[in-house]
Structures are given as C-alpha cells and as structure tokens.
2 protein chains.
Amino acid sequence: MFKTSMLAAAAALPLLAVATTGAQAQEIDDKALMEQANGLFEPIPRTIPAVRDNAVTGEKIDLGRMLFHDPRLSASQVLSCNTCHNLAMGGDDNLETSIGHGWQAGPRNSPTVYNAVLNAAQFWDGRAADLKEQAKGPIQAGVEMNNKPNVVVETLKSMPEYVAHFERAFPNIDDPVTFDNVARAIEAFEATLITPASPFDQYIEGNPNALTEQEKRGLQTFIDTGCASCHAGVNLGGQDYYPFGVVEKPGADVLPPDDKGRFAVTQTATDEYVFRAVPLRNVALTAPYFHSGQVWDLRQAVAIMGVSQLGAELTDAQVDDIVAFLEATTGEFPEVEVPQLPDRTAETPFPVTMTAE
Amino acid sequence: MFKTSMLAAAAALPLLAVATTGAQAQEIDDKALMEQANGLFEPIPRTIPAVRDNAVTGEKIDLGRMLFHDPRLSASQVLSCNTCHNLAMGGDDNLETSIGHGWQAGPRNSPTVYNAVLNAAQFWDGRAADLKEQAKGPIQAGVEMNNKPNVVVETLKSMPEYVAHFERAFPNIDDPVTFDNVARAIEAFEATLITPASPFDQYIEGNPNALTEQEKRGLQTFIDTGCASCHAGVNLGGQDYYPFGVVEKPGADVLPPDDKGRFAVTQTATDEYVFRAVPLRNVALTAPYFHSGQVWDLRQAVAIMGVSQLGAELTDAQVDDIVAFLEATTGEFPEVEVPQLPDRTAETPFPVTMTAE
C-alpha cells in the first residue's frame with residue numbers, strides 16, 4: 001500500500017536552486033542523465049503486464065475488448081467505456097469533464113486508460129485499488145453510465161454469444177456472467193493498452209540518439225527542478241498522493257474548493273486537496289489538464305505546477321524544454337480492432353435514455 | 001435516377017394468392033430458387049465497390065476512417081459518426097431514435113452504415129443522392145452533431161497531422177481541407193463497410209448447402225408473398241420508394257402522423273408517408289425497426305409489413321421462415337482498426353457542450 005507523501009514532495013524543493021542555472025548552455029552527459037533517469041523511471045514494458053488476482057488470458061482480453069466498446073453496459077445504451085476513455089484520442093475524451101447520462105457533466109476530468117494498468121491505484125483520488133475495482137465505478141455512477149450491476153448482468157446473459165464468451169474467459173465456473181467478471185475482463189483488456197517504445201523509453205533503454213537535445217534538457221530539468229519527485233516510476237506519476245498546491249494553492253478555477261480530493265476517501269484533514277500525482281505518459285494527447293480540466297495548454301499546466309508544487313517561476317525556456325520532454329513520452333499505441341458485439345435478443349433490457357423514469 | 005414505384009408495389013399484391021399455400025410441406029428446388037433469386041437479388045461484392053465522382057484510394061479510406069471516428073467533427077466533441085452508426089453493433093445504435101447534441105432524441109431511427117454505399121440514395125427519404133452528400137447532414141443537424149462546416153474545417157486545419165492526411169488523400173489540390181473533402185473521405189471509408197459472404201450470398205452464388213431448409217423456405221416465401229417486389233437488388237431494398245401502408249396504414253405509434261417521409265423532400269401529395277424501402281442486409285442486428293424505431297422484434301416487424309404492404313396476415317410459420325432467411329443475410333464484417341487521431345493544438349476550437357451558448 002502507499003500513502004500521501006507530503007515529505008517526499010517537500011524534499012523536492014531544495015533542488016530548485018540547481019534548476020535555475022542556465023541549463024540551455026550545458027552539454028548533456030548522456031551516460032550520467034541515463035543513469036539518473038534509470039534511478040527514477042522505468043520503461044513501459046513491451047509485453048502485457050500481469051495484474052493482481054486476475055490472469056490475463058487471450059479469451060479474457062477478447063471479452064474485455066467487447067465489453068469496453070459496448071454501450072449496452074450503460075442504462076441509456078449510448079455510452080461505453082470508450083466514450084470517455086477513447087482509444088483513438090490518447091485514451092480519454094479531451095473534454096474538461098466527461099459528458100455522461102442525460103448529457104450531465106461529470107465532476108472530474110477523465111484520466112487516460114493507456115498505461116493505467118501500471119498505476120498503483122485508480123481514479124484521481126486513488127479510491128480504487130486496481131482497474132477491476134475502477135471499472136465498476138463509472139458503470140454505476142449516475143452522471144456517467146447510470147446502470148445497475150443486476151441490469152448489466154441481465155443484459156449480458158440475454159445474449160448467448162456473450163455467455164459463451166464468458167464461459168471461455170472464465171472456464172470451469174458455474175454462472176460466469178457476473179459483475180465482478182465483467183470488471184475482470186475489462187481489466188484484462190486494459191492491461192493490453194500500454195504504449196511502449198516512446199523516444200523517452202528508447203533513451204532510458206540505452207539509445208542516446210532517441211531524444212533531441214531539447215528533450216534531454218527537458219528531462220534534466222524535469223529531474224532537477226523536482227517534478228520527478230512526484231512524477232516518477234514507470235508512468236511518471238500514478239504511484240502516490242500529494243496536495244495540489246504544496247507551496248501555493250492555484251486559483252479556484254483550477255482547484256475548485258468543493259472538490260477536496262482524497263479527503264473524500266480517507267476523511268483525514270491532511271488529505272484535503274490531495275490527489276494522485278498524474279501519470280504523465282502521452283500527456284501531450286490528453287488535454288485539458290488537472291482534475292478540473294480547466295487548463296488546455298500543456299505549457300501553462302507545467303508553469304502552474306512549477307508555482308504550486310515547486311514554488312518556482314519556471315523560465316519560458318525551462319517550460320519549453322519540459323514540454324518537449326513530455327511530448328517524447330508519447331509511445332507506440334497498440335492496434336485494437338473494432339469488435340463485433342453480440343446481437344440483442346428479446347430478453348435484452350431496453351435502453352433507458354430518460355434521466356427520470 | 002429512380003422514382004416512387006407505387007405501381008411496382010401494387011403489382012406485388014396478386015402474388016399473395018400463391019404465398020398462402022402450405023409452403024412448409026414443399027420440397028425446395030434449389031436450382032429453380034437460385035435462378036429466381038438471382039433474377040431479383042445479387043451478392044454483396046467481395047471487393048470495395050466504386051463510387052460516383054470519388055475515386056476510392058487507400059489514403060482516402062485511411063483519412064475517412066479517422067474522420068468517421070473523430071468526435072471533434074461535432075460541436076460538443078462528444079459525438080462521432082460512429083456514435084449513431086456504431087461499427088461494433090451492425091452499423092447503427094440500436095436505439096429507437098438516436099441521441100444527439102445535448103441528449104436530444106433525433107426524429108428517425110439511425111440506418112446502418114454497412115452496405116449503405118450500395119443503396120441508390122441515402123436517408124429514410126432518400127434526400128441525399130449518395131454518401132458524400134449524406135455525411136454532411138448529421139454533422140450540421142442541430143439534434144445530431146450540431147456543427148458548422150467552417151468550424152469543422154477550422155478544427156481539422158488546426159492539426160498539422162490532419163492537413164498532411166488530406167494532402168495525401170487529395171493530392172495536387174490547393175487547400176485540400178474542405179467540408180466537401182471531409183465528406184468524400186468519409187464516403188471512401190464507408191465504401192469499405194460491406195458485408196459479403198452471408199449464407200444467403202453463398203447460396204445465390206451457387207452453393208445449395210449454404211442455407212438451411214427453413215432459410216430456403218423463408219427466401220421462397222419472401223419472394224412469393226411479394227416482399228421482394230420492394231426489397232430487391234443487392235441490398236434487398238434501398239433502391240426505391242414506397243408508401244408505408246400500401247394496403248393498410250399501421251398505427252400512429254409505428255407511423256407517426258407528423259413524419260410525412262418523402263413528402264418533405266418532393267412536396268408531392270403522392271409522396272406522403274412514402275419512404276425508401278429499407279435495405280434488409282444484416283437486419284437481425286439493427287433493431288429496433290421502422291423509421292420510428294418503435295418495433296423491437298423482427299418477427300413483429302415482418303408481420304406488420306405483411307399487413308401494411310401486402311394486405312396479408314402471414315402465418316406464424318411464414319414469419320418464422322422469413323425471419324430465418326433474413327438472419328441468413330448477416331454477412332462477414334470488415335476488420336476495422338481503431339484509428340489514432342491527431343492531437344489537438346492551441347488553434348483547435350474548444351468543445352461546445354452546452355445547447356444554448
């Protein structure tokens with residue numbers, strides 16, 4: 001398990017003194033930078049990672065791909081997981097906050113599903129331990145898919161082709177069509193949604209030519225200014241929790257006072273406005289930024305982070321370099337074929353598109 | 001061009017006398033049935049068909065696949081072509097009528113995009129001559145994607161990767177990013193969405209074992225009762241217009257009095273409640289039925305057609321046989337890979353999710 005690391009965040013601050021020296025003029029020592037980076041980060045694996053308590057099999061992945069794309073998991077039968085975690089658009093919806101059932105706007109910006117399997121916990125406040133727990137949330141949330149587990153199960157059981165898929169994915173189990181197994185299959189599919197081989201990954205794997213000079217300067221600045229104190233690990237974030245505004249709280253537009261973050265999960269005063277450090281993989285593709293989705297420009301997001309988390313006015317050149325580095329974390333996306341979903345039957349529940357029934 | 005064929009529909013009626021004889025007991029003469037069927041229908045081509053005034057190139061198909069899946073063609077940036085013409089669900093949305101901008105319900109049931117390229121005209125009332133004309137409609141319709149051509153073009157031009165794709169798809173043209181070319185690229189992609197090799201196609205191509213005895217009886221009944229008078233050609237429909245209720249108008253639930261069909265296009269009194277004969281390919285996958293989407297059961301839809309178009313109470317056995325035959329028109333679906341869409345830039349217009357701005 002992991003905990004809010006106020007200390008780790010605070011510890012990053014003294015490094016700032018180094019960061020404001022003229023990094024641009026410096027020659028990059030690739031060997032030293034690679035070594036430093038390898039101590040903080042690791043490459044996205046090139047094979048499907050294992051997940052806790054859920055064997056990732058081909059049958060489960062196939063079923064999960066269907067469920068992920070199936071709008072009949074929502075009450076309206078209009079919205080699928082892919083609506084807000086669009087695999088064609090960096091794994092999110094590029095909206096401030098998602099549009100859900102009845103065109104309601106959700107409370108927080110949709111996180112990307114790509115590489116999410118490598119996060120230590122899920123949601124902005126880490127309230128789900130893993131993707132199989134996470135997957136159950138939006139299906140039931142009134143502002144999202146607005147469905148009920150028993151209706152989901154009834155829907156899937158009404159289609160013999162789905163039942164056969166569940167039997168293959170969960171063999172030797174009586175009654176394999178359960179809400180838990182829906183979540184397990186989705187998690188298995190999501191485990192395949194990893195984006196290895198970015199220029200950054202190639203660099204830390206040992207190819208000094210994989211990054212441009214500017215990207216290397218950005219990586220160096222990302223480490224030296226202290227960004228990497230929170231945004232570390234395989235996903236450059238997604239591993240631990242920090243207050244948004246360690247040094248200075250951003251304005252109410254970016255940090256709405258009503259959303260107290262992890263406090264809602266732990267009911268602990270020190271968790272007010274605490275959020276999971278955002279995983280930064282492919283971040284150039286997932287504007288707008290922050291849990292409020294109020295910042296569309298990655299440069300601006302980086303500058304805000306400088307002030308709020310590091311207490312530093314990053315120079316324009318530093319911001320440009322960091323953004324160039326972040327763009328170099330864009331990896332190779334897996335090929336996903338559009339599934340052909342089972343046909344509804346006379347037993348399949350009807351769509352409920354009205355908000356009040 | 002084609003015209004409303006009241007006469008053809010009327011001419012079908014005398015055949016009814018034949019239809020009510022006990023078809024179940026009869027042995028099917030495959031040679032005769034194949035010959036008869038080949039005079040009325042033709043198989044879905046196994047290669048991408050040519051389209052009028054639009055060379056279907058690989059570059060255009062690739063671009064069209066991106067545009068078809070891109071929600072940024074809509075004002076809200078929530079809805080794509082694929083939202084209502086879902087390639088995973090028989091090419092439509094399996095809703096009574098589609099849900100569009102601001103969660104508004106559209107006026108008519110969404111037609112399938114599969115094999116639509118083979119229809120003689122598009123929309124329930126045939127108001128678009130082809131798919132490149134059709135594609136422009138929903139993008140602009142207030143209850144659908146609610147966008148404006150100039151915003152679509154501005155959006156696409158803001159992303160250099162899209163501009164490069166347009167340059168490749170429309171070479172040697174100054175300023176290839178136009179609304180017309182958006183529609184042309186979508187049409188080119190849609191030309192690939194054909195579903196050949198159904199059991200029915202294999203049968204009329206000469207394989208007597210491709211259909212079961214019941215499916216053959218259904219095909220024979222479909223011809224003998226007169227269904228095939230309107231639902232003929234490669235798509236078993238989609239070629240010509242007929243009044244809904246040639247013999248007897250269905251109830252107001254199925255045929256809402258406000259929607260006068262092709263009358264709105266031609267302003268001709270004889271076109272009141274006239275619609276394009278629905279193409280019946282893969283119809284088992286595209287419930288609910290009729291332009292009103294009020295009938296979920298294909299058996300019921302067939303029975304209603306019997307009464308309203310043929311003036312015949314089809315027996316349960318006839319309905320079952322026809323439905324079995326219709327299910328045998330479900331073809332092989334093309335493999336479509338989820339595209340990776342270009343990343344937005346600082347110039348990309350923002351999503352407008354509110355209905356009143």
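What are the helix and strand percentages over residues 213-330 of chain A, and how far apart are the end C-alpha atoms?

1. The model is predicted: local features need pLDDT of at least 70, side-chain atom pairs count only at pLDDT 80 or more, and totals for chains, interfaces and linings use all residues. Residues are numbered from 1 along each chain as its sequence is written, chains are lettered from A in the order in which they are written, and side-chain values use heavy atoms, without hydrogens and water.

2. Residues 213-330 of chain A are 38% helix and 5% strand, with end C-alpha atoms 17 Å apart (DSSP runs; helices H or I of at least four residues, strands E of at least two, numbered from the N terminus). Residues 59-167 of chain A are 38% helix and 0% strand, and their end C-alpha atoms lie 9 Å apart.

3. Phe200(A) sits in helix H11, residues 199-204 of chain A. Phe200(A) is buried, at 0% relative accessible area (buried is under 20%, exposed over 50%, partly exposed in between; 1.4 Å probe, protein chains only). Leaving out residues up to four places away in sequence, its contacts (heavy atoms within 4.5 Å) include Phe41(A), Leu236(A), Arg281(A) and Phe325(A). The C-alpha atoms of Phe200(A) and Phe325(A) are 7.6 Å apart, at a sequence separation of 125 residues.

4. Between chains A and B, 37 residues of chain A contact 37 residues of chain B. About 3,200 Å² is buried between chain A and chain B, 67% of it from carbon and sulfur atoms (accessible area, 1.4 Å probe, that two parts lose on being put together, summed over both).
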